[in-house]
Amino acid sequence: MIVTLIVICEVGFWVLLAAGLATRYLLKMPRTGAALLLCEPLLEVLLLVVTAMDLKNGADPSWRHGLAAVYIGFTVGHGHRTVKWLDGHAAHRFGGAPPPPKPPRYGMARARYEGAIWLGTVVAAAVASGLLLLAIWYVGSDGNTEGLRSTIFAVWRAAGIHGLIALSYAIWPKKAPEGESSKAEPSKGESPRGVSAVSARDPEHVADFLVRGPRKDEEQIR
């Protein structure tokens, strides 16, 4: 039952996400779309309540209950980033917004990006562990909680492996290929900092701070 409910919650997450984005950008109803997106945490609340009820009714704690806690933790740790990423692409595709910036690919900027994602994994592991500890406390010493305890170890092992991967980007920063900058390229119609896109034959249209001021001898001639 728990596994079935997890599948239902996962399907419901994507259905609500698609419905919220479609209502927001296709139907031009941003408030209704935002309300649908805010309904997504209710799925995790439902899963948590059903899991607690299943344990209360005498079900033996197993990996299924641990999987429910991991799913809730993952949604808390990474769900917001997923929704934000998809919302940015939907806004660009259907709302006329500029394309969302691409994540950095090289150097310490990539290391910081990977570190931020790893922090989401740490949050996910902490939330899952907290729920599992509550379940262990709820069951008490009379029940078999070995499966729940092993799940706590598994989520922190996964977080540790992810942390080592993220740390590798800081220890061995990925270098950009020759001729390619690690920084984001300027958007269309935008010039690099410090370079004027205005032709030299139209200097009157150049901003003052981009034009070298007159020399002192020129001011005296005037």
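**View A. The bend in helix 4 of the predicted model**. Helix 4 covers residues 63-94. At His78 the helix bends by about 55 degrees. Gly96 follows helix 4. The phi of Gly96 is positive, near 75 degrees.

**View B. Helix 3 packed with helix 4**. Helix 3 spans residues 40-56. The two helices pack at an angle of about 170 degrees, and their axes lie 10 Å apart. Angles over 145 degrees count as roughly antiparallel, so helix 3 is roughly antiparallel to helix 4.

**View C. Residues in the contact of helix 3 with helix 4**. Helix 3 contributes Glu40, Glu44, Leu47, Leu48, Thr51, Asp54 and Leu55. Helix 4 contributes His65, Ala68, Tyr71, Ile72, Thr75 and Val83. By residue class, the contact holds seven nonpolar, three polar and three charged residues.

**View D. Helix 1 packed with helix 2**. Helix 1 runs over residues 2-26, and helix 2 over residues 30-38. Their packing angle is about 170 degrees, with 7 Å between the axes. That angle makes helix 1 roughly antiparallel to helix 2.

**View E. Residues in the contact of helix 1 with helix 2**. From helix 1 come Leu16, Leu17, Ala19, Gly20, Thr23 and Arg24. They meet Pro30, Thr32, Gly33, Leu36 and Leu37 of helix 2. The residues of this contact divide into six nonpolar, four polar and one charged.

Key. Residues numbered from 1 in each chain as written. Predicted model: local features only at pLDDT ≥ 70, side-chain atom pairs only at ≥ 80, totals over all residues. Heavy atoms only, no water. Axes fitted to C-alpha atoms, helices over the stretch in contact; angles between N-to-C directions. Helix = DSSP H or I, 4+ residues; strand = E, 2+ residues; numbered from the N terminus. Parallel < 35°, antiparallel > 145°, perpendicular 65-115°, else oblique. Contact = heavy atoms within 4.5 Å. Nonpolar A, V, L, I, M, F, W, Y, C, P; charged D, E, K, R; others polar. Bend = angle between axes of the 7 residues up to and from the residue.
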